[in-house]
Amino acid sequence: MSSFAPTSSSDSSKPDVAKYDAPDAEFFAGIPNISLKKDAAVDNSLVYKHYDAKKVVMGKTMEEWLRFSVCFWHTFRGTGADPFGFPTLFRPWDDGSDSLANAKRRLRAAFEFFTKLGVKYYTFHDRDVAPEGATLAESNKNLDEITDLALELQKKTGVKLLWATCNLFANSRYMNGAGSNPNADILAYAAAQVKKGLEVAKKLGAENFVFWGGREGYHTILNTNVLTELTNMASFFKMAAAYKKKIGFTGPLLIEPKPKEPSKHQYDYDAMTVIGFLKHFGLENDYKLNIEPNHTTLAGHSYEHDIVMSSAFGMLGSIDSNTGSPDLGWDTDQFPMDVKNATMVMKTVLEQNGIQPGGLNFDCKVRRESTDLKDMFISHIGAMDTFARGLEIAAKILTDGVIPRQVKERYSSYDTGVGKKINKVQTSLEELEEYIMKKGEPEVASGRQEHYESMLNSYM
(Lines give C-alpha, C1' and ligand atoms only; values in the text may rest on other atoms or scores of the structure.)
Protein backbone atom coordinates (compact mmCIF):
# COMPACT_ATOMS: atom_id res chain seq x y z
CA MET A 1 0.00 0.00 0.00
CA SER A 2 1.16 3.50 -0.73
CA SER A 3 -0.49 6.84 -1.15
CA PHE A 4 -1.12 8.64 -4.39
CA ALA A 5 1.87 10.08 -6.21
CA PRO A 6 2.88 13.75 -6.18
CA THR A 7 1.13 15.84 -8.80
CA SER A 8 3.83 18.35 -9.69
CA SER A 9 4.76 18.39 -13.35
CA SER A 10 6.53 20.45 -15.93
CA ASP A 11 3.26 20.33 -17.93
CA SER A 12 1.26 23.33 -16.74
CA SER A 13 -1.73 22.73 -19.06
CA LYS A 14 -5.07 22.01 -17.43
CA PRO A 15 -7.75 19.79 -18.99
CA ASP A 16 -11.22 21.16 -19.73
CA VAL A 17 -13.17 19.25 -17.12
CA ALA A 18 -16.49 21.12 -17.33
CA LYS A 19 -18.24 18.43 -19.38
CA TYR A 20 -17.57 15.89 -16.62
CA ASP A 21 -19.58 17.93 -14.14
CA ALA A 22 -22.82 17.03 -15.92
CA PRO A 23 -24.94 14.44 -14.04
CA ASP A 24 -24.98 12.10 -17.07
CA ALA A 25 -21.30 12.55 -17.98
CA GLU A 26 -19.52 9.47 -19.29
CA PHE A 27 -15.91 9.22 -18.18
CA PHE A 28 -14.87 6.15 -20.17
CA ALA A 29 -16.62 6.77 -23.48
CA GLY A 30 -16.13 4.01 -26.01
CA ILE A 31 -15.34 1.36 -23.40
CA PRO A 32 -18.32 -0.98 -22.85
CA ASN A 33 -19.13 -3.12 -19.83
CA ILE A 34 -16.50 -5.85 -19.80
CA SER A 35 -17.91 -9.20 -20.88
CA LEU A 36 -16.77 -12.83 -20.85
CA LYS A 37 -15.55 -14.14 -24.21
CA LYS A 38 -13.61 -17.36 -23.77
CA ASP A 39 -12.79 -17.70 -27.46
CA ALA A 40 -11.51 -14.13 -27.82
CA ALA A 41 -8.41 -13.57 -29.90
CA VAL A 42 -5.09 -13.35 -28.11
CA ASP A 43 -4.81 -9.63 -28.79
CA ASN A 44 -8.28 -8.84 -27.41
CA SER A 45 -7.41 -7.83 -23.87
CA LEU A 46 -10.63 -5.92 -23.13
CA VAL A 47 -12.69 -9.04 -22.36
CA TYR A 48 -12.59 -11.71 -19.69
CA LYS A 49 -11.35 -15.05 -21.00
CA HIS A 50 -11.41 -16.95 -17.69
CA TYR A 51 -13.24 -14.91 -15.04
CA ASP A 52 -16.86 -16.08 -15.10
CA ALA A 53 -18.44 -14.40 -12.07
CA LYS A 54 -21.33 -16.86 -11.74
CA LYS A 55 -19.41 -20.07 -12.48
CA VAL A 56 -19.52 -22.44 -9.49
CA VAL A 57 -16.23 -23.81 -8.18
CA MET A 58 -16.24 -26.07 -5.13
CA GLY A 59 -19.71 -24.95 -4.07
CA LYS A 60 -19.34 -21.18 -4.51
CA THR A 61 -19.28 -18.83 -7.47
CA MET A 62 -16.03 -17.30 -8.67
CA GLU A 63 -17.37 -13.94 -7.54
CA GLU A 64 -17.88 -15.29 -4.01
CA TRP A 65 -14.43 -16.86 -3.78
CA LEU A 66 -12.46 -14.00 -5.35
CA ARG A 67 -14.25 -10.90 -4.01
CA PHE A 68 -12.28 -8.56 -6.27
CA SER A 69 -11.76 -4.94 -5.26
CA VAL A 70 -10.31 -1.85 -6.97
CA CYS A 71 -8.11 0.48 -4.92
CA PHE A 72 -8.87 4.18 -5.30
CA TRP A 73 -5.41 5.58 -4.57
CA HIS A 74 -3.40 3.98 -7.37
CA THR A 75 -6.23 3.79 -9.88
CA PHE A 76 -7.62 7.31 -9.50
CA ARG A 77 -4.86 9.25 -7.76
CA GLY A 78 -1.81 7.69 -9.39
CA THR A 79 0.00 10.03 -11.76
CA GLY A 80 2.88 7.85 -12.94
CA ALA A 81 5.38 10.10 -11.18
CA ASP A 82 8.44 8.42 -9.70
CA PRO A 83 11.62 9.68 -7.98
CA PHE A 84 13.19 10.27 -11.40
CA GLY A 85 10.31 11.60 -13.47
CA PHE A 86 7.27 13.83 -13.52
CA PRO A 87 3.69 12.56 -13.98
CA THR A 88 2.77 10.76 -17.16
CA LEU A 89 -0.87 9.85 -16.42
CA PHE A 90 -3.26 12.71 -17.14
CA ARG A 91 -6.94 11.86 -16.77
CA PRO A 92 -9.33 14.09 -18.75
CA TRP A 93 -11.68 14.62 -15.77
CA ASP A 94 -8.90 15.54 -13.31
CA ASP A 95 -7.69 19.15 -13.22
CA GLY A 96 -4.92 18.31 -10.76
CA SER A 97 -6.40 20.43 -7.97
CA ASP A 98 -7.27 19.44 -4.40
CA SER A 99 -10.74 20.93 -4.73
CA LEU A 100 -13.87 19.15 -3.60
CA ALA A 101 -15.25 19.50 -7.13
CA ASN A 102 -12.27 17.57 -8.50
CA ALA A 103 -12.59 14.96 -5.77
CA LYS A 104 -16.23 14.42 -6.73
CA ARG A 105 -15.34 14.01 -10.41
CA ARG A 106 -12.75 11.39 -9.48
CA LEU A 107 -15.30 9.53 -7.39
CA ARG A 108 -17.93 9.52 -10.12
CA ALA A 109 -15.31 8.32 -12.61
CA ALA A 110 -14.34 5.57 -10.20
CA PHE A 111 -17.88 4.23 -9.84
CA GLU A 112 -18.32 4.18 -13.60
CA PHE A 113 -15.07 2.20 -13.78
CA PHE A 114 -16.19 -0.27 -11.09
CA THR A 115 -19.50 -0.76 -12.88
CA LYS A 116 -18.03 -1.30 -16.34
CA LEU A 117 -15.42 -3.67 -14.92
CA GLY A 118 -18.09 -5.60 -12.99
CA VAL A 119 -16.24 -5.41 -9.67
CA LYS A 120 -18.34 -5.31 -6.51
CA TYR A 121 -15.86 -3.71 -4.09
CA TYR A 122 -13.46 -0.79 -3.74
CA THR A 123 -11.04 0.53 -1.11
CA PHE A 124 -9.66 3.95 -0.17
CA HIS A 125 -7.56 6.05 2.20
CA ASP A 126 -9.30 9.00 3.79
CA ARG A 127 -6.86 11.50 2.28
CA ASP A 128 -6.94 10.23 -1.30
CA VAL A 129 -10.72 10.24 -1.59
CA ALA A 130 -11.16 13.67 0.07
CA PRO A 131 -8.73 16.60 0.24
CA GLU A 132 -6.94 17.31 3.51
CA GLY A 133 -7.90 20.67 4.97
CA ALA A 134 -5.92 23.27 6.91
CA THR A 135 -7.27 21.82 10.16
CA LEU A 136 -8.56 18.45 11.29
CA ALA A 137 -12.07 19.90 11.48
CA GLU A 138 -11.86 21.05 7.86
CA SER A 139 -10.49 17.65 6.78
CA ASN A 140 -13.39 15.95 8.54
CA LYS A 141 -15.89 18.28 6.85
CA ASN A 142 -14.39 17.49 3.44
CA LEU A 143 -14.54 13.78 4.20
CA ASP A 144 -18.18 14.06 5.23
CA GLU A 145 -19.11 15.77 1.97
CA ILE A 146 -17.25 13.30 -0.23
CA THR A 147 -18.51 10.23 1.62
CA ASP A 148 -22.07 11.51 1.28
CA LEU A 149 -21.51 11.23 -2.47
CA ALA A 150 -19.80 7.86 -2.06
CA LEU A 151 -22.80 6.52 -0.15
CA GLU A 152 -25.13 7.80 -2.86
CA LEU A 153 -23.04 6.11 -5.58
CA GLN A 154 -22.81 2.88 -3.60
CA LYS A 155 -26.61 2.73 -3.33
CA LYS A 156 -27.00 3.52 -7.03
CA THR A 157 -24.51 0.92 -8.29
CA GLY A 158 -24.49 -1.77 -5.61
CA VAL A 159 -20.71 -1.46 -5.26
CA LYS A 160 -19.57 -1.86 -1.65
CA LEU A 161 -16.60 -0.64 0.37
CA LEU A 162 -14.33 -3.62 1.10
CA TRP A 163 -12.27 -1.57 3.50
CA ALA A 164 -11.30 1.94 4.45
CA THR A 165 -8.03 3.11 5.94
CA CYS A 166 -6.37 6.30 7.15
CA ASN A 167 -3.34 7.83 5.50
CA LEU A 168 -1.01 8.16 8.50
CA PHE A 169 2.22 8.47 6.54
CA ALA A 170 2.09 11.14 3.80
CA ASN A 171 1.70 14.36 5.81
CA SER A 172 4.98 15.70 7.19
CA ARG A 173 3.61 15.52 10.75
CA TYR A 174 3.94 11.74 10.44
CA MET A 175 7.55 11.68 9.27
CA ASN A 176 8.53 9.95 12.56
CA GLY A 177 5.48 7.73 12.65
CA ALA A 178 1.88 7.93 13.84
CA GLY A 179 1.07 5.34 16.48
CA SER A 180 4.77 5.01 17.32
CA ASN A 181 5.67 8.71 17.11
CA PRO A 182 7.99 10.02 19.89
CA ASN A 183 5.70 13.06 20.19
CA ALA A 184 2.48 12.28 22.09
CA ASP A 185 0.65 15.17 20.39
CA ILE A 186 1.21 13.59 16.97
CA LEU A 187 -0.02 10.21 18.19
CA ALA A 188 -3.11 12.02 19.50
CA TYR A 189 -3.66 13.62 16.08
CA ALA A 190 -3.37 10.20 14.43
CA ALA A 191 -5.86 8.79 16.94
CA ALA A 192 -8.33 11.56 16.11
CA GLN A 193 -7.90 10.81 12.40
CA VAL A 194 -8.56 7.10 12.98
CA LYS A 195 -11.64 7.94 15.07
CA LYS A 196 -13.10 9.75 12.07
CA GLY A 197 -11.94 6.98 9.74
CA LEU A 198 -13.82 4.36 11.74
CA GLU A 199 -16.94 6.54 11.74
CA VAL A 200 -16.72 6.87 7.96
CA ALA A 201 -16.18 3.12 7.60
CA LYS A 202 -19.38 2.48 9.54
CA LYS A 203 -21.27 5.11 7.57
CA LEU A 204 -20.34 3.48 4.26
CA GLY A 205 -20.83 -0.10 5.43
CA ALA A 206 -17.16 -1.00 5.05
CA GLU A 207 -16.58 -4.70 5.58
CA ASN A 208 -13.11 -4.19 7.12
CA PHE A 209 -10.76 -1.45 8.33
CA VAL A 210 -7.02 -1.56 7.57
CA PHE A 211 -3.90 -0.14 9.24
CA TRP A 212 -0.68 0.17 7.24
CA GLY A 213 2.23 1.57 9.23
CA GLY A 214 4.59 2.90 6.59
CA ARG A 215 6.27 5.24 9.09
CA GLU A 216 5.95 2.93 12.11
CA GLY A 217 9.59 1.97 12.42
CA TYR A 218 12.98 3.64 12.43
CA HIS A 219 15.86 4.80 10.25
CA THR A 220 18.49 4.64 12.98
CA ILE A 221 18.42 2.88 16.31
CA LEU A 222 20.56 5.68 17.79
CA ASN A 223 17.56 7.96 18.39
CA THR A 224 14.94 5.23 18.96
CA ASN A 225 13.46 3.64 22.09
CA VAL A 226 12.01 0.53 20.48
CA LEU A 227 10.03 -0.72 23.47
CA THR A 228 8.43 2.67 24.10
CA GLU A 229 7.39 2.97 20.47
CA LEU A 230 5.96 -0.56 20.32
CA THR A 231 4.12 -0.13 23.62
CA ASN A 232 2.60 3.16 22.48
CA MET A 233 1.65 1.61 19.14
CA ALA A 234 -0.10 -1.23 20.99
CA SER A 235 -1.98 1.36 23.06
CA PHE A 236 -2.98 3.08 19.82
CA PHE A 237 -4.37 -0.19 18.45
CA LYS A 238 -6.19 -0.93 21.71
CA MET A 239 -7.92 2.46 21.55
CA ALA A 240 -8.97 1.80 17.95
CA ALA A 241 -10.40 -1.61 18.88
CA ALA A 242 -12.29 -0.07 21.81
CA TYR A 243 -13.78 2.70 19.66
CA LYS A 244 -14.78 0.22 16.97
CA LYS A 245 -16.88 -1.62 19.56
CA LYS A 246 -18.23 1.60 21.03
CA ILE A 247 -19.69 2.82 17.74
CA GLY A 248 -20.88 -0.61 16.64
CA PHE A 249 -18.62 -1.04 13.63
CA THR A 250 -18.62 -4.78 13.01
CA GLY A 251 -15.91 -5.18 10.36
CA PRO A 252 -12.58 -6.81 11.26
CA LEU A 253 -9.56 -4.60 11.97
CA LEU A 254 -6.59 -5.61 9.82
CA ILE A 255 -2.87 -4.81 10.00
CA GLU A 256 -0.82 -4.92 6.79
CA PRO A 257 2.80 -6.08 7.19
CA LYS A 258 5.71 -4.59 5.26
CA PRO A 259 9.42 -4.88 6.08
CA LYS A 260 10.68 -1.50 4.85
CA GLU A 261 9.97 1.49 2.64
CA PRO A 262 9.49 4.25 3.49
CA SER A 263 11.03 3.37 6.88
CA LYS A 264 14.37 1.59 6.89
CA HIS A 265 12.85 -0.93 9.28
CA GLN A 266 9.11 -1.27 9.88
CA TYR A 267 7.81 -2.83 13.07
CA ASP A 268 5.20 -4.84 11.12
CA TYR A 269 7.99 -6.60 9.18
CA ASP A 270 6.08 -9.71 8.10
CA ALA A 271 3.13 -11.88 9.10
CA MET A 272 4.83 -13.70 11.95
CA THR A 273 6.24 -10.45 13.33
CA VAL A 274 2.75 -8.92 13.43
CA ILE A 275 1.20 -12.06 14.92
CA GLY A 276 3.88 -12.07 17.62
CA PHE A 277 3.24 -8.38 18.33
CA LEU A 278 -0.51 -8.93 18.59
CA LYS A 279 -0.15 -11.91 20.91
CA HIS A 280 2.43 -10.15 23.10
CA PHE A 281 0.15 -7.17 23.66
CA GLY A 282 -3.10 -9.16 23.92
CA LEU A 283 -4.53 -7.89 20.63
CA GLU A 284 -4.85 -11.20 18.78
CA ASN A 285 -8.64 -11.33 19.23
CA ASP A 286 -9.13 -7.80 17.89
CA TYR A 287 -6.97 -7.85 14.76
CA LYS A 288 -6.19 -9.99 11.74
CA LEU A 289 -3.84 -9.40 8.82
CA ASN A 290 -4.17 -7.87 5.36
CA ILE A 291 -1.39 -9.49 3.34
CA GLU A 292 0.25 -7.85 0.32
CA PRO A 293 2.49 -10.34 -1.52
CA ASN A 294 4.77 -7.59 -2.85
CA HIS A 295 5.55 -6.75 0.78
CA THR A 296 6.09 -10.44 1.49
CA THR A 297 8.73 -10.77 -1.21
CA LEU A 298 10.40 -7.56 0.01
CA ALA A 299 10.81 -9.37 3.35
CA GLY A 300 12.72 -12.12 1.56
CA HIS A 301 9.91 -14.68 1.50
CA SER A 302 8.17 -16.49 -1.33
CA TYR A 303 5.08 -14.87 -2.85
CA GLU A 304 2.54 -16.92 -0.90
CA HIS A 305 4.49 -17.20 2.38
CA ASP A 306 2.70 -14.60 4.52
CA ILE A 307 -0.69 -15.71 3.22
CA VAL A 308 0.04 -19.30 4.20
CA MET A 309 1.49 -18.35 7.61
CA SER A 310 -1.33 -16.00 8.61
CA SER A 311 -3.95 -18.51 7.44
CA ALA A 312 -2.30 -21.30 9.44
CA PHE A 313 -2.83 -19.25 12.62
CA GLY A 314 -6.38 -18.19 11.70
CA MET A 315 -5.21 -14.61 11.13
CA LEU A 316 -5.67 -14.11 7.37
CA GLY A 317 -8.26 -11.38 6.93
CA SER A 318 -7.77 -10.02 3.41
CA ILE A 319 -5.26 -9.89 0.55
CA ASP A 320 -3.85 -6.95 -1.40
CA SER A 321 -3.41 -8.84 -4.66
CA ASN A 322 -0.37 -7.44 -6.38
CA THR A 323 3.16 -8.43 -7.23
CA GLY A 324 6.61 -6.90 -7.46
CA SER A 325 9.79 -7.42 -9.43
CA PRO A 326 11.99 -9.77 -7.37
CA ASP A 327 15.06 -8.28 -9.03
CA LEU A 328 14.25 -4.86 -7.55
CA GLY A 329 14.45 -3.80 -3.93
CA TRP A 330 11.35 -1.70 -3.65
CA ASP A 331 7.56 -1.90 -3.73
CA THR A 332 6.51 -1.77 -7.40
CA ASP A 333 2.80 -2.58 -6.91
CA GLN A 334 2.38 -4.36 -10.25
CA PHE A 335 -0.72 -6.22 -11.37
CA PRO A 336 -0.46 -9.97 -10.61
CA MET A 337 -0.15 -11.91 -13.88
CA ASP A 338 1.60 -15.10 -12.68
CA VAL A 339 -0.84 -18.03 -12.67
CA LYS A 340 1.33 -20.22 -10.45
CA ASN A 341 1.49 -17.53 -7.75
CA ALA A 342 -2.27 -17.03 -8.00
CA THR A 343 -2.78 -20.79 -7.67
CA MET A 344 -0.79 -20.94 -4.44
CA VAL A 345 -2.79 -18.03 -3.02
CA MET A 346 -6.14 -19.49 -3.99
CA LYS A 347 -5.20 -22.93 -2.64
CA THR A 348 -4.85 -21.30 0.78
CA VAL A 349 -8.10 -19.34 0.36
CA LEU A 350 -9.96 -22.53 -0.57
CA GLU A 351 -8.42 -24.44 2.34
CA GLN A 352 -9.73 -21.85 4.81
CA ASN A 353 -13.13 -21.81 3.05
CA GLY A 354 -12.87 -18.30 1.70
CA ILE A 355 -11.46 -14.88 2.47
CA GLN A 356 -14.76 -13.18 3.40
CA PRO A 357 -15.34 -10.56 4.71
CA GLY A 358 -11.99 -9.72 3.17
CA GLY A 359 -11.24 -9.95 -0.52
CA LEU A 360 -8.65 -9.69 -3.25
CA ASN A 361 -7.93 -5.97 -3.49
CA PHE A 362 -5.84 -4.84 -6.44
CA ASP A 363 -3.34 -2.58 -4.67
CA CYS A 364 -1.71 -2.07 -8.05
CA LYS A 365 -0.82 0.72 -10.41
CA VAL A 366 -0.46 0.71 -14.16
CA ARG A 367 3.09 1.35 -15.28
CA ARG A 368 3.92 5.00 -15.89
CA GLU A 369 4.29 4.12 -19.58
CA SER A 370 0.71 2.69 -19.75
CA THR A 371 -1.04 5.98 -20.41
CA ASP A 372 -4.28 5.06 -22.19
CA LEU A 373 -7.57 4.96 -20.29
CA LYS A 374 -8.14 1.43 -21.57
CA ASP A 375 -4.90 0.36 -19.82
CA MET A 376 -6.76 0.87 -16.53
CA PHE A 377 -9.22 -1.81 -17.63
CA ILE A 378 -6.74 -4.15 -19.31
CA SER A 379 -4.57 -4.34 -16.20
CA HIS A 380 -7.47 -5.28 -13.94
CA ILE A 381 -8.96 -7.72 -16.47
CA GLY A 382 -5.62 -9.51 -16.84
CA ALA A 383 -5.20 -9.81 -13.07
CA MET A 384 -8.78 -11.02 -12.59
CA ASP A 385 -8.33 -13.67 -15.29
CA THR A 386 -5.07 -14.73 -13.62
CA PHE A 387 -6.79 -15.31 -10.29
CA ALA A 388 -9.74 -17.01 -11.96
CA ARG A 389 -7.29 -19.49 -13.49
CA GLY A 390 -5.52 -19.83 -10.15
CA LEU A 391 -8.85 -20.58 -8.47
CA GLU A 392 -9.73 -23.35 -10.90
CA ILE A 393 -6.28 -24.94 -10.75
CA ALA A 394 -6.25 -24.80 -6.94
CA ALA A 395 -9.70 -26.40 -6.87
CA LYS A 396 -8.44 -29.19 -9.16
CA ILE A 397 -5.46 -29.80 -6.87
CA LEU A 398 -7.69 -30.06 -3.81
CA THR A 399 -10.45 -32.14 -5.39
CA ASP A 400 -7.97 -34.55 -6.99
CA GLY A 401 -6.39 -34.88 -3.55
CA VAL A 402 -3.07 -36.27 -4.81
CA ILE A 403 -0.80 -33.54 -3.41
CA PRO A 404 -2.78 -33.07 -0.15
CA ARG A 405 -2.81 -36.82 0.42
CA GLN A 406 0.94 -37.14 -0.03
CA VAL A 407 1.55 -34.19 2.30
CA LYS A 408 -0.69 -35.84 4.90
CA GLU A 409 1.22 -39.10 4.53
CA ARG A 410 4.48 -37.24 5.12
CA TYR A 411 3.26 -36.35 8.62
CA SER A 412 1.49 -39.64 9.33
CA SER A 413 3.89 -40.53 12.16
CA TYR A 414 2.06 -37.91 14.24
CA ASP A 415 -1.31 -39.63 13.84
CA THR A 416 -0.66 -42.44 16.32
CA GLY A 417 1.70 -43.59 19.05
CA VAL A 418 4.49 -41.35 20.23
CA GLY A 419 3.90 -38.87 17.43
CA LYS A 420 0.32 -38.26 18.52
CA LYS A 421 1.52 -37.76 22.11
CA ILE A 422 4.05 -35.17 20.88
CA ASN A 423 1.37 -33.33 18.90
CA LYS A 424 -0.98 -33.26 21.89
CA VAL A 425 1.81 -32.25 24.33
CA GLN A 426 1.24 -35.44 26.31
CA THR A 427 4.83 -36.62 26.63
CA SER A 428 8.18 -35.47 28.04
CA LEU A 429 11.86 -35.37 27.20
CA GLU A 430 12.42 -38.31 29.54
CA GLU A 431 9.79 -40.45 27.85
CA LEU A 432 11.08 -39.58 24.39
CA GLU A 433 14.61 -40.46 25.42
CA GLU A 434 13.42 -43.85 26.65
CA TYR A 435 11.44 -44.37 23.44
CA ILE A 436 14.35 -43.61 21.12
CA MET A 437 16.79 -45.68 23.18
CA LYS A 438 14.58 -48.73 22.53
CA LYS A 439 13.70 -47.93 18.91
CA GLY A 440 17.16 -46.95 17.74
CA GLU A 441 18.20 -44.69 14.86
CA PRO A 442 15.17 -43.26 12.99
CA GLU A 443 14.65 -43.85 9.28
CA VAL A 444 15.21 -40.71 7.20
CA ALA A 445 12.76 -40.14 4.36
CA SER A 446 13.31 -38.01 1.26
CA GLY A 447 11.50 -34.68 1.18
CA ARG A 448 10.98 -35.16 -2.58
CA GLN A 449 10.83 -31.43 -3.31
CA GLU A 450 11.27 -31.91 -7.05
CA HIS A 451 8.45 -34.48 -7.07
CA TYR A 452 6.04 -31.94 -5.54
CA GLU A 453 7.19 -29.21 -7.91
CA SER A 454 6.67 -31.57 -10.86
CA MET A 455 3.17 -32.45 -9.65
CA LEU A 456 2.28 -28.75 -9.36
CA ASN A 457 3.55 -28.12 -12.89
CA SER A 458 1.31 -30.89 -14.21
CA TYR A 459 -1.72 -28.85 -13.10
CA MET A 460 -0.55 -25.62 -14.68
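Two strands pair if DSSP finds at least two bridges between them. Helices (H or I, at least four residues) and strands (E, at least two) are DSSP runs, numbered from the N terminus. The model is predicted: local features need pLDDT of at least 70, side-chain atom pairs count only at pLDDT 80 or more, and totals for chains, interfaces and linings use all residues. Residues are numbered from 1 along each chain as its sequence is written, and side-chain values use heavy atoms, with hydrogens and water left out.

**Strand β8 and its partners**

- Strand β6 (residues 208–212) runs parallel to β8, and 4 bridges join them.
- Within this pairing, V210 stands opposite L254 of β8.
- Strand β10 (residues 287–291) also pairs with β8 in the parallel sense, over 3 bridges.
- Here Y287 of β10 is the bridge partner of L253.
- In a regular strand the side chains alternate between the two faces of the sheet.
- Strand β8 (residues 253–256) is covered on both faces: L253 and I255 on one side, and L254 and E256 on the other, are all buried (under 20% relative accessible area; exposed is over 50%, partly exposed in between; 1.4 Å probe, protein chains only).

**Cysteines**

- The count of disulfides, pairs of cysteine sulfur atoms within 2.5 Å, comes to 0.
- The sulfur of C166 is too far for a bond, because the closest cysteine sulfur, in C71, is 16 Å away.
- C364 is in no disulfide either, and its nearest cysteine sulfur, that of C71, is 6.8 Å away.
- C166 is buried, with a relative accessible area of 4%, and C364 is buried, with a relative accessible area of 1%.
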